[in-house]
Amino acid sequence: MNHADIENPQLDRQLGQLREELEHQQTPARVEATLLQAFARHQRKSWFGRVGLWLAPAAGLAASVGMAAWITLAPMTNAPIGTDPPNTVAIDDQSPFLALQSLERIAAEREPRLIETAVPRTMLASLGIPVDPEVAGESMRAQMLVSAEGQPLAMRFLQ
Amino acid sequence: MTLIDPALDLDLMRKMRAGDADAFTALYRRHQGPVYRFALLRSGSPDVAADVVQEIFLGLFTDKYPFDPNRGALSSFLFGVARNLLLKRDEREHRYVAIPDQDDDDALAPVDPNPEPAAILFARRETEAVHGALRQIAPHYRDVLILYELHDLSYVEIAAVCGIDIGTVRSRLSRARARMADLLQDFRPPNAARQLEATP
């Protein structure tokens, strides 16, 4: 480094050595692993939060379909899943439900509710489904199975 | 000047906020090294430096530390957060008195009479001595010196990181270098010492 008022070649050399010796120092690998786990957890939480906001107005209307919906959906845990991607479950002729939790978790839910609402099409993108940019700003109808606490368990989009 | 491409950082930030884990990983790998080395030099402890890096990147995706691209490059922002975390740690552990409003010679003197021993291993004794001298300088001088000499930040970038004006960056750098030279003036590399002993 060149400092007109404080030139000191020896100090520059010493600082250069310090820099050289530090060059190989990197954050321990465990930090990256911890951060990636935390990032995944944060994304799941954020996604559920966004879904929760959209579902809030519909939740009140949904209580009446609770147990009936569960009876309708109960076969999903035994449904053949070989013909669909592993995280989808077909229960009728309409589009399959996307499991948002494990099938064991869904089957263990004692008081599930089925609710219908409108969600932004951009939500499809967060599930890995292609979205036509021309209609990305619009909303679409969706059915969602939620736990008694309001946690989304599975959802499907209706045309 | 730093060689990090700000446009790529912005693109990765946008993807990270949309939930792209690969973008987050790429961002982390681009910036963890310099931030870690800054925290390592500043604290003298690999554990503290690792904690600081973890805290910063956690805060980046949770928006605990919201990054505003209009206020500078991401690399400067990360150094700034690291510096604040380290200052808070010093404060919490009563390691240093508050930073003075005015720069003066008293402020340059070390305030911590018993600094923690450094836990970094260096190959050369001379480098150990340089690091030892660096640790004897008060933090607000040390920060400027580390960022300029070891991370190639410009005066403008350092001013943004430390929240001071460019004139203060210049004067702190000048004083820190002078102090380092004083502290190291008695150091003789082992070879030189042996040569002196052998001289009749």
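Guide: B:Asp152 has its place in the loop between helix 7 and helix 8 of chain B, where helices are DSSP runs of H or I with at least four residues and strands are runs of E with at least two, numbered from the N terminus. This is a predicted model, in which local features need pLDDT of at least 70 and side-chain atom pairs count only at pLDDT 80 or more, while totals for chains, interfaces and linings use all residues. Residues are numbered from 1 along each chain as its sequence is written, chains are lettered from A and ligands numbered from 1 in the order in which they are written, and side-chain values use heavy atoms, with hydrogens and water left out.

Visitor: Why is B:Asp152 called partly exposed?

Guide: The relative accessible area of B:Asp152 is 24%, and the class lies between buried, under 20%, and exposed, over 50%, with a 1.4 Å probe and protein chains only; B:Asp152 is therefore partly exposed. The backbone of B:Asp152 has a positive phi of about 60 degrees, although the residue is not a glycine.

Visitor: What makes B:Asp63 count as partly exposed?

Guide: B:Asp63 has 41% relative accessibility, so it counts as partly exposed. B:Asp63 is placed in the loop between helix 3 and helix 4 (74–92) of chain B, and it has a positive phi of about 65 degrees without being a glycine.

Visitor: Why is helix 7 of chain B called oblique to helix 8 of chain B?

Guide: Helix 7 (residues 139–150) and helix 8 (residues 155–162) of chain B pack at an angle of about 140 degrees, with their axes 10 Å apart. These axes are lines fitted to C-alpha atoms over the stretch in contact, and angles run from 0 to 180 degrees between N-to-C directions. Under 35 degrees would count as roughly parallel, over 145 as roughly antiparallel and 65 to 115 as roughly perpendicular, with the rest oblique, so helix 7 of chain B is oblique to helix 8 of chain B. Their contact, meaning heavy atoms within 4.5 Å, is made by B:Asp143, B:Val144, B:Leu147 and B:Tyr148 of helix 7 with B:Tyr155, B:Ile158, B:Val161 and B:Cys162 of helix 8.

Visitor: How do you know whether B:Tyr141 is buried or exposed?

Guide: B:Tyr141 has a relative accessible area of 0%, and therefore it is buried. B:Tyr141 is found in helix 7 of chain B, and its C-alpha atom is separated by 9.2 Å from that of B:Arg177, 36 residues apart along the chain.

Visitor: What makes helix 2 of chain B oblique to helix 3 of chain B?

Guide: The axes of helix 2 (residues 21–43) and helix 3 (residues 46–62) of chain B come within 8 Å and cross at roughly 140 degrees, which makes helix 2 of chain B oblique to helix 3 of chain B. Among the residues that meet are B:Phe24, B:Leu27 and B:Tyr28 in helix 2 and B:Ile56, B:Phe57 and B:Leu60 in helix 3 of chain B.

Visitor: Which residues of helix 6 of chain B are buried, and against what do they pack?

Guide: The buried residues of helix 6 (residues 125–135) of chain B are B:Glu126, B:Thr127, B:Val130, B:His131, B:Ala133, B:Leu134 and B:Arg135. These buried residues pack against helix 1 (9–22) of chain A, together with helix 2, helix 7 and helix 9 (166–184) of chain B.

Visitor: How many helices and strands does each chain have?

Guide: Chain B has 10 helices and zero strands, and buried residues make up 49% of its 200 residues. Chain A has five helices and five strands, follows the pattern α-α-α-β-β-α-β-α-β-β along the sequence, and has 38% of its 159 residues counted as buried.

Visitor: How do you know that strand 5 of chain A is mostly covered?

Guide: Six of the six residues in strand 5 (residues 152–157) of chain A are buried.

Visitor: How many bridges join strand 5 of chain A to strand 2 and to strand 4 of chain A?

Guide: Two bridges join strand 2 (residues 97–99) of chain A to strand 5 of chain A, running antiparallel, and since at least two DSSP bridges are what pairing requires, these strands pair.
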